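Subject: Structure handover

Hello,

Here is the structure for your files. Please keep it open while you read the notes below it.

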Amino acid sequence: MTRRSGYYITNVYIPTSLIVFMSMLSFWIPPDAVPARVTLGVTSLLTIVTKQYQASLPNVSYIVALNIWLSACIGFVFVSLLEYATVIALHTKLKKMNAKLNAASTISEQVRVIHKVYPREVRSVRNGWTGKKSRRQSFWDKQIAKFTPENIDYVSRILFPCVFVSQCSIYWAIYYQP
């Protein structure tokens with residue numbers, strides 16, 4: 001007894017795979033383009049959820065292989081939306097920090113002027129504070145500094161397709177039996 005899988009491959013597996021790859025295109029869009037990335041992600045998620053309900057699955061009380069495939073595809077699209085939420089949060093935080101640094105640069109210029117006018121008072125304030133950080137804190141500061149929106153998008157451009165392709169190969173190795 002053999003099962004004809006051509007219908008499901010052309011109507012479910014290929015379209016959902018393309019939708020997942022389409023959602024991964026958002027990693028190439030700059031974080032500033034909020035409408036483009038949100039539209040691409042939400043449209044992909046809604047399309048794949050609709051595809052799950054359109055797939056003519058039998059009404060059974062257990063999970064079939066197609067449920068696993070569609071759930072995994074929904075998971076990939078949803079995680080790509082979460083990745084963008086992380087990127088936009090970091091992007092916003094970095095913008096605020098840059099604004100504070102720009103404001104602080106004007107403050108540092110004011111401190112230089114005060115230092116020229118009142119050198120003895122500024123020196124006594126500096127001696128009370130060493131300004132050294134512990135090694136552990138500076139190590140973590142360096143590690144956290146690597147998490148920029150651009151780096152997260154770059155890693156996602158490589159990691160997401162690799163994980164999806166490996167998930168596909170595991171799925172087909174387990175469930176496809178000619």
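The notes below cover confidence first, then the aromatic side chains, then one further residue.

This is a predicted model, in which local features need pLDDT of at least 70 and side-chain atom pairs count only at pLDDT 80 or more, while totals for chains, interfaces and linings use all residues. Residues are numbered from 1 along each chain as its sequence is written, and side-chain values use heavy atoms, with hydrogens and water left out.

Confidence

The average pLDDT (the predictor's confidence in each residue, from 0 to 100) is 80 for the protein, and 74% of the residues score at least 70. Helices here are DSSP runs of H or I with at least four residues, numbered from the N terminus.

Aromatic side chains

The whole structure holds 12 aromatic pairs. Rings of Phe, Tyr and Trp (its six-membered ring) pair if their centres lie within 6.5 Å, and planes over 60 degrees apart count as edge-to-face, under 30 as stacked and the rest as tilted.

One of the pairs is Phe21 with Phe164, edge-to-face at 5.2 Å centre to centre with 90° between the planes. Phe21 lies in helix H1 (residues 6–24) and Phe164 in helix H6, so this pair ties together parts 143 residues apart in sequence. Phe164 is buried, with a relative accessible area of 1%, whereas Phe21 counts as partly exposed at 34%. The cut-offs are under 20% relative accessible area for buried, over 50% for exposed and in between for partly exposed (1.4 Å probe, protein chains only).

Phe27 and Phe160 are also edge-to-face, at 4.7 Å centre to centre and 65° between the planes. Phe27 is in the loop between H1 and H2 and Phe160 in helix H6, 133 residues apart. Both Phe27 and Phe160 are buried.

Tyr13, Phe21, Trp69, Phe76, Phe164, Tyr171, Trp172 and Tyr175 form one aromatic cluster.

The charged end of Arg157 sits over the ring of Trp28, 4.4 Å from its centre; this requires CZ of Arg or NZ of Lys within 6 Å of the ring centre and within 35 degrees of the ring normal.

Thr43

Thr43 is in helix H2 (residues 34–54) and counts as partly exposed at 38% relative accessibility.

Regards

Definitions and conventions
Helix = DSSP H or I, 4+ residues; strand = E, 2+ residues; numbered from the N terminus.
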